[in-house]
Amino acid sequence: MNSPPQGFQGYFKTGTEQEDAELTHVGPGTPCGEYMRRYWQPVAMSEELGELPLAVRLLGEDLVLYRDGSGNLGLLHRHCAHRGASLEYGIIAECGIICCYHGWHYANDGTLISAGSEAPDSPIHGRVVQGAYPVHEHNDIIFAYLGPPDAIPAFPVYDTEFMPDTERKTFSITTPCNWLQVYENTQDPIHVLHLHARSSGVQFGVASGVDQIIEYQETPLGMMNIQTRHVGEHVWTRTTDSILPNGNQTGAIWEEAEEAKSMQRCSILRWMVPVDDTTTRTIGWRFFNKRLDPRGQDNPELVGKESIDFIGQTADERSYEEAQRQPGDYEAQVSQRPIAIHALENRASSDAGVARLRRLIRQNIRHLSAGHDPHRPDFRGLPFISTYCQDTVVQWPGGEASTEDDLRAHGRRVAKAVLDSDHLEPQPRERFVEDEVTDKP
Ligand code: FES
Ligand SMILES: [Fe+2]
C-alpha cells in the first residue's frame with residue numbers, strides 16, 4: 001500500500017492550472033455560451049424595469065432592456081449601431097427607443113425606424129440594424145432568448161407554477177463567481193449536512209442535518225438527486241431537480257418530515273444565469289403555501305432584489321466576521337475562486353452528483369457543437385412541463401430498524417414513481433406516487 005503524502009507540500013502545490021473553459025465560459029461563440037443561448041434565460045425581474053432603460057448583462061453581452069410607450073419590451077445591444085453611444089441613455093418612444101446622441105430610432109426588433117437627421121431615402125435605412133433579442137415576460141420575470149432566431153424554443157412553463165393556494169415572490173441574487181459553481185451546489189446534497197447543519201449550526205430544517213442515503217438519477221429534464229433518511233418514525237425522500245441547462249427546483253426550506261405525505265412540491269424554481277464568466281444572477285420564484293411551510297417559518301417580505309428569507313445567500317446581509325463564523329452558500333461558492341479550477345480539485349465519492357451534472361452539461365454542449373439540435377423539454381400533451389422535485393414521507397414499518405439497503409431501495413421506489421407519473425396531472429400524479437410507495441396490507 002502506498003504511504004500517504006508527506007506534509008508541508010505548499011511549495012509543490014502552486015500550479016498554474018486553468019479553469020475548464022468548455023463548461024464555464026459563456027461569451028458569444030464559446031461552446032457553453034452557444035448551449036446557454038438555445039434556451040430562454042431570465043434577464044431581469046419585472047419590478048426592476050421602470051420608466052428608464054435598464055443596462056443589463058447576460059452571457060457576457062452588454063444589453064439594454066426597456067418597456068416602450070406602448071408597453072412592449074425591447075432588449076437591444078447596448079451600444080448604438082451608429083457610433084456606439086449607450087442606449088441606456090436613450091429616449092423611450094411610443095414604439096422602440098431613440099439614441100440620445102444623434103437621434104437614431106430603433107424598433108424593438110432592432111430595425112431602424114429613422115436615422116436622426118439623415119434623409120428618409122438615405123441608404124443607411126436599408127443597411128443598419130441594431131442587435132436585438134426576443135423577450136417574454138412571465139409571472140414578473142423577463143426572459144430573453146439570445147440564440148439564432150430560427151431555433152427559438154417554445155416558452156417553457158412548469159407544473160410547479162400551478163400549485164394551488166400558493167403565493168409567489170420573485171427574487172434575484174448576484175453572486176460574484178462563475179455560474180457553474182452556483183448551479184452544481186444543488187447537486188451536492190452532502191454540503192447541506194456539513195455547511196448548513198454542522199459548520200454553521202443548523203441553518204435550515206433540523207431534519208436536513210440527519211445522515212442520508214444519496215443517489216442520482218437522470219430525468220427527461222436533466223437529473224435529480226434522491227435523498228432518503230430516517231426522521232423518527234418516518235422515512236423522508238427528497239428529489240431535487242436540475243432542469244438543464246441552468247434551472248433548479250428545491251423542496252421546502254424548513255422540511256421536518258413529521259407526517260406522511262407524497263409529492264409535496266418545491267419552494268423555489270430558479271435559474272443560475274451567467275451574467276458573464278465571473279458573475280451569476282440567480283433569478284426565480286420563491287413559493288409559499290401551508291403545505292410547504294406548516295410552521296410559518298417562511299418570510300415573503302424578505303424575498304426580492306438581492307434578498308431571500310434564508311441565511312447565507314447574499315453579499316451584504318452580514319458582516320465579514322459573522323460570515324466567517326457562520327458561512328453560507330454564498331461564502332462557500334464565491335470562495336471557490338472567481339472560476340473554480342476543476343484541475344485542482346480532489347473529487348471524492350460524495351461528489352458523484354457534481355461530476356454527473358458536469359458530465360451531462362458537457363455532453364449537451366458537445367451534442368450541440370457537433371451540429372445536433374439541443375434537447376427540448378416535452379410537454380407530453382399537458383399544459384406544462386412535468387418536473388421531478390418533491391418530498392415524500394412515509395410512516396416506516398418497524399421504526400428506525402432498517403438497513404441502508406432498505407432505505408436505498410425505498411428511495412429508488414419513490415424516484416421511480418415520480419418519474420413514471422410524469423404524464424399525469426398533479427392530483428392523479430400525487431395519488432399514483434402515494435399508491436406506489438405505501439406498503440399495502
Ligand atoms: S451614436 Fe447613437 S445615434 Fe449616434
Ligand atoms: Fe446550500
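Trainee: What makes β11 and β18 count as paired strands?

Mentor: Happy to walk through it, bearing in mind that this is a predicted model. Two strands pair if there are at least two bridges between them, and 9 bridges join β11 (residues 167-175) to β18. The two therefore count as paired, and they run antiparallel. As one example of facing residues, Arg168 stands opposite Phe287 in β18.

Trainee: Why is β18 called largely enclosed?

Mentor: Buried means under 20% relative accessible area. In β18 (residues 279-288), 9 of the 10 residues are buried, so the rest of the structure largely encloses this strand.

Trainee: Let's turn to the metal. Which protein atoms are donors of the iron ion (ligand 2)?

Mentor: The donors are NE2 of His191, NE2 of His196 and two OD entries from Asp329, at 2.0 to 2.5 Å from the iron ion. The cut-off for this metal is 2.8 Å, so these atoms qualify. Along the sequence, the donor residues follow the spacing H-x4-H-x132-D. His191 in helix α5 (residues 190-199) and Asp329 in helix α7 (residues 329-334) are 138 residues apart, so the pair links distant parts of the chain.

Trainee: Are His191 and Asp329 buried or exposed?

Mentor: Both are buried. Other buried residues of α5 include Val192, Leu193 and His196, and α7 is part of what covers the buried residues of this helix. After α5 comes Gly201, with a positive phi near 75 degrees.

Trainee: How do you know that Asp188 has no salt bridge?

Mentor: The nearest side chain of opposite charge, Arg358, is 8.8 Å away. A salt bridge needs a distance within 4 Å, so Asp188 has none, although it is buried. Asp188 sits in the loop between α4 (179-184) and α5. Leaving aside neighbours within four places in sequence, Asp188 is in contact with Ser350 and Val354.

Conventions: Residues numbered from 1 in each chain as written. Chains lettered and ligands numbered in written order. Predicted model: local features only at pLDDT ≥ 70, side-chain atom pairs only at ≥ 80, totals over all residues. Heavy atoms only, no water. Donors = N, O, S within 2.8 Å, 3.2 Å for Na, K, Ca; no water. Helix = DSSP H or I, 4+ residues; strand = E, 2+ residues; numbered from the N terminus. Buried < 20%, exposed > 50% of the residue type's maximum accessible area, 1.4 Å probe, protein only. Lys, Arg positive; Asp, Glu negative; His and termini not counted. Contact = heavy atoms within 4.5 Å.
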